[in-house]
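Dear colleague,

I am passing on the structure below, together with some notes on what was found in it. Please read the notes alongside the coordinates.

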Amino acid sequence: MASTHQKIWWSTVLLFLLSNLQHGTLGDPQVPCYFILGDSLSDSGNNNALSTLAKVNYLPYGIDFPQGPTGRFCNGQTIVDVIAELLGFNSFVPPFATAEGEVILKGVNYASGGSGIRDESGQNLGDRISMNEQLENYQTTVSQIIDILGSDTAAATHLNKCLFTVGIGSNDYINNYLMPDLYPTNRLYTPDQYAEALIEQYSQQLKEVGTFWIGLIGCAPAELASFGPSPGSNCVDMINDAVRLFNTGLVSLIDDLNKNFMDAKFTYINFFEIGLTNLTAFGFKVTNMGCCGGQNACLPSSTPCQNRSEYAFWDQFHSTETVNLIFGQRAYKSQTPSDGYPIDISTLAQL
């Protein structure tokens, strides 16, 4: 029987907004441009042409998305899609793989399924675009914007008005630290040491753009199937405890970034805590298994569950559009003081 008290997980969003934001006319988006870096929870098609197990440009993925299967790891909109919509954008942020021309002035999505903070994370899945490679792709976009606008100064002025989100780090656990047969990190680091090493590398990457937290990985159906729930718990507490160490380190990192980079504003949306919400209050009836069939991803052309609004998980790792709508709205406008630190997205967009 499906559990009705399972907790959902999602990579926590840490947002980065460069200063000098100037608001446009009524009806314009709250920010003129939105750039996204991350993993499968934000990927909108960057993996489609890669040789990898981490690509989902086939049905039933996208069954509820207006454009059908696009490479999103969901039945419909992802959380960053919801955030873009709430910010006032009238179209979805295009993936780097297909973005070209002046459309890039409004933003680009660099996220790649299977990617991590560490370059090797996710290599068991095949090709993916790591955080470092995503940053290189962002620099390619910057060069293109310079060409479009005609000067470094014009490009800098434009980018100083943009919002950035980064959601990454889950694969550094799921497809690295929690796979001791394939990766040495579990033997080289204690959970505390690994979290510290990730934070250090992440901090260097964020100085180039921005960041996120990691959510309740130990509550994902795939991890429950592999490890089983902890006694008295609906999740794998050992995994969530390790992830909590990483998230705790991000608190001081956010403070340091805001202190040392006065021309930028950093914040995070605490999806780890938001994920503790009792989803049954929102009408979810199945929270410990995916809506579609498959060991990890949905099987191509398989028939998913019909009552998708009652499922928290779409596949064994990724949440349904219904959950994404709830989390995206809460990321945009905090419902509790702990949702965003130090502010939520709606407040950040108005600075």
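Pro29, Gly88, Phe89, Asn90, Ser91, Phe92, Val93, Pro94, Val103, Lys106 and Gly107 line the second largest pocket, where, on a 1 Å grid over the protein atoms alone, a pocket is an open set of points with protein on both sides within 12 Å along at least five of seven lines, and lining residues have an atom within 4 Å of a point. This is a predicted model, in which local features need pLDDT of at least 70 and side-chain atom pairs count only at pLDDT 80 or more, while totals for chains, interfaces and linings use all residues. Residues are numbered from 1 along each chain as its sequence is written, and side-chain values use heavy atoms, with hydrogens and water left out.

The second largest pocket holds about 150 Å³ of space, a volume being the space filled by probe spheres set on the points, which are joined across faces, edges and corners. Its lining has six nonpolar, four polar and one charged residues, with Ala, Val, Leu, Ile, Met, Phe, Trp, Tyr, Cys and Pro counted as nonpolar, Asp, Glu, Lys and Arg as charged, and the others, Gly among them, as polar.

There is also one cavity of 30 Å³ or more, a cavity being a set of points where a 1.4 Å probe fits but cannot get out. The largest cavity has a volume of about 50 Å³, and of the ten residues that line it, Leu41, Phe73, Cys74, Thr78 and Asn324 lie nearest its centre. The lining of the largest cavity comprises five nonpolar, five polar and no charged residues.

Best regards
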